[in-house]
Amino acid sequence: MDILISGLLLGGTYALMAMGLNLQYGVARIMNLANGEMLVLGGLAAFWLFTASAISPLITALVVAPLAFAGNWLIYRYLLLPLVRRSKNQGQLEVDSILATFGISFALVGVMVSIHGEYITYSYLADPFSILGSTVALNRLVAFLAAATIGAALYIWLNRTYAGTAVRAVSVDTEAAGLVGINVDRISALAFALGGAVTAVGGTLISTFITLDASIGVIFTMKALIIIIMGGVGDIRGAIIAALILGLVETTVATVIDPGLTLAAAYVIFLAVLLFRPQGLFGRRTS
Amino acid sequence: MNRRTIMVSFSSALLAAGIAGLTAASVIAADPIKIGVVSHLTGPLAGGEAVTHTPNIELWAKQINDRGGLKVDGEQRPVEIITYDDKTDPAEHIKAVQRLATQDEVDYMLSPYGTGFNIAAAPIYAKYNYPLVAVSAITDKIPELSKRFPNMFFTLGTTSGFVEGVRDTLVTMRDAGTIGNKIAMVNVADAFGIELADTARPILTEAGFEIVYDKSYPLGTPDISPVVKGAKASEPDAFVAWSYPPDTFALTEQAIIEDLDVKAFYTAVATCFPAYADKFGAKIEGNLGAGGINPDTPAMQAYRKAHKEVTGKEADYWASATYYASLQVLEQAIEGVGSVDREATIDYIKNNSFDTVLGTISFDENNNSERYWSVGQWRDGVFRAVADTGMGDSVPAVAKEGWN
Amino acid sequence: MNSGEMKFLVIGVVLALGAASIPIVSDGYWLSIATTAMMYIALSTSWTLFSGPTHLIALSTGAFFGIGGYLVGSGMSDYDQSFWLMAIIAPVVATILAMLIGLATLRLSGVYFVIFTLGLAEMIRNLVSWVQNNFLGSRGLYVLTDFTEAHIYWMLLSVATIVFLAGWLINRSRLGFALRIIGNDEQVARHVGINTAWSKVILFMTTGFFAALVGAIVAPRYSYIEPNVVFSPQLSFLVVIMALLGGIHRLWGPLVGVIPFTLIWEAISISFPNSTTLFLGLSFLLIVYFIPNGFVGLFENLTGRMRK
């Protein structure tokens, strides 16, 4: 029971890391290597407001979301869209976006270091909470509930609204979407901005229980990339399920076998999934 | 001019600026004493460097310049600090040290953060005769390293020294009846964590302790709760973690949540950080960790007060003071020699004793200062030394009475 | 051998000889820049041997490089072996590993391959740390040798030269021909009877071999091996980025990527010592926008214009 609950909570944390990038890569087709920095930026905002004026990270999350949305919209519109327009094929765009977002990630690290070069750590809701006889940290539970809410909201939005349908259409085929009258550039910008906002909100919540620092973003980027690839590009369900699988596997291995092998086990699962399903759990077979 | 030529001229302008910077630095009148340091402003070790090294350099330079500078060749010369960022990358670090030595032609260099970086930079310091008063370099290889690099000095102790400090603390607590024999030990599976755990296993076992839980966890583990749950299930009397900063925070938080009620709770690096106390408040009363200081000496009190005034931050309760002391050693050696003669400075450091914030320190035949605190304990908001090598002013450790 | 190839060879020999004289004519500073650049030249060029023709971006350089550094550190520190023995063992181990990985990843394409190699590198780092922690124990991995920077530089230069020769030979061989067809259209390649699988695997092994060899040679320069430092994801990314900056469709592409990149990096470090990372990031962005086809594209454009 301990394993199941801790594992699900960890999976929720992973989902927070990955859902945003899933939108950015799946729809806007930008492999955003600055995703982790966006997450740390959200954490930095939470830390800063909490230590300076004792503002709850949950309130910070509400402030961070629109700011991150606007910031990411600008990044897409002015830094990435020129690359999208310029590239003749997906391969060229991939190369350009790797270079550009790597540059953005360095720049963001530089900015964050000048704001706060030390560890980003504080204590918020670090209290025990008992579910079904298992003790968990309240801040992790809150993050899990937030992840579940965001995931459900995204799923409903994507499947039940007109804008969501347009987003899915773009994610399946940009050209066809353009042909049926969808403004691909605007939908891509929307998806990229929304993804950035989800990631930054994830960062504010994650900072309540994981110690961050300005340079740690790359770790989160790698984890998020692995989760969305394991789930299959462009499917929000895939990212969530992959996140939960990783959370459960890591916790099981840590508890039953050896905590030293948790991350290794997670990567083994990831590799195994790709070996048997080269397009990820929910991915579409591409030609 | 099209966009491509703009780019070309931009990069050549950048290069030209860089080269101009190089030549400009070498023609400036040799008025200030130039002191170089290569920092990790970004990268995995940046967080530790920002707490332990950077503020002390700022404090030291300000204090020296406020009093007019260092006395050399019969005049007062201010110090000028030149810093480069290596992004915690050894290749960049080596390049930057070379740049300081041969392009900026700095008069002295300060020691870098991290064992690996001190050893990687040591050959260059040796080649150009820079004294290297290492601080954040804890190693059992001091005799071999000082033979290889006669310009290298050590101030923060050995791996074995640190483990023995923990053993002595636990033995004292056991003899006092505070704890029993059972230790749960965990470590981060990275260089220093593996080294400490490997050294600790025989030392703790020989002292009659039984290690009832012995596991590692990978660097960057996002959820440490299975480790703490596992340790708790083994019903230990003492908990020892050879941990790095992020996991020190995570282990402590998880121990509070799981209510891991042991009378001795030890986490290694970063327990001494003021941020640790800021994060957990009174809950960490009685926690043990690597480092510690004696807060009662006038020198230490003056240092901590000045640190707070100049940098706006509390000094950490371990290597901050030692790093400041290493700067004092350099300062006194330069003034003792009376000129910026680096070879003479190295000799001076070898053969004299220095009055520092740690008290009087001197270096033995292995260039090692055998005076350091190894274990500290949080008592009323101060991280006080409870075990040491050669200091003799530690207080006995007391039991930790729950997390409240 | 036609005259074009002859010219290529002559230029290569002149460049190699010029590069070999750097430690003699320069001071420690330029040598340290050259050594770092040579490390990236060897890594990026050997990376391009595989990724250029196949269009598969591999993020596993850090894993092979790490194996090289780690085996040298562990062998010398924990088992008292000589540097030379370990520098031979390390690339062999890496090559075998690369073969297994190559065979396992045959079905993957595009971004799935990219992230697979990234996950693989992280898995190897974690497994190595775990094995060391639980079975080998360690008192720190020290690599203390009497090599000077010049020795390391010359060794790296030799490796880089061999990488170029290997690349040149592969291009001339049946294997190179096969790979070019695979890169253009794998279906066509299969239809004309090319064993696409083994062609790719052999090249991947070559890449792994050289990355581990470079890691082994650089270990004495670092002197103290930390898994976190040698198995660096940052290194994997940087190698890819330098190669892409140069251009991956020419053997000499990474060379013209690494050299300006290293110099720009150096200029930024000097000009903005307190915000090096920020300005490096901005310079990446400028390069992407204003040099869209890499330095090779820029170079060929310029020479093309001069001919007019």
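**Close-up views of a predicted three-chain model**

View 1. Strand β10 (residues 238-242) and strand β11 (residues 264-267) of chain B run parallel and are joined by four bridges; helices (H or I, at least four residues) and strands (E, at least two) are DSSP runs, numbered from the N terminus. Within this pairing, V240(B) lies opposite Y266(B) of β11(B). Axes are lines fitted to C-alpha atoms, for helices over the stretch in contact, and angles run from 0 to 180 degrees between N-to-C directions; two residues are in contact if their C-beta atoms, placed from the backbone, lie within 7 Å.

The model is predicted: local features need pLDDT of at least 70, side-chain atom pairs count only at pLDDT 80 or more, and totals for chains, interfaces and linings use all residues. Residues are numbered from 1 along each chain as its sequence is written, while chains are lettered from A and ligands numbered from 1 in the order in which they are written.

**View 2. Three-stranded sheet of chain B.** An open sheet with parallel pairing has the strand order β4-β1-β5 (chain B). Its edges are β4 (79-85) and β5 (108-109) of chain B, each with a single partner strand, so one side of each lacks a neighbour in the sheet. Seven bridges connect β1 (residues 33-39) of chain B with β4(B), and V38(B) has Y84(B) as its bridge partner in β4(B). Helix α4 (residues 90-103) of chain B packs on this sheet, touching β1, β4 and β5 of chain B, with its direction at about 175° to that of β1(B).

**View 3. Helix α12 of chain B.** The 14 residues of α12 (residues 298-311) of chain B should span 20 Å at 1.5 Å a residue, and the end C-alpha atoms are 20 Å apart, which agrees; the expected span is 1.5 Å times one less than the number of residues. Y303(B), R304(B) and H307(B) are the buried residues of α12(B). They cover an arc of only 95° around the axis, and therefore lie on the same side of α12(B); the arc is that of the directions from the helix axis to the C-beta atoms. Their cover includes α3 (54-66) and α13 (319-337) of chain B. The face turned away from the buried side carries the exposed residues P298(B), Q301(B), A302(B), K305(B) and E309(B). A residue is buried if 20 or more other C-beta atoms lie within 10 Å of its own, exposed if 12 or fewer, and partly exposed in between, with C-beta atoms placed from the backbone. G312(B), with a positive phi near 80°, follows α12(B).

Note on methods:
Pairing = 2+ DSSP bridges.
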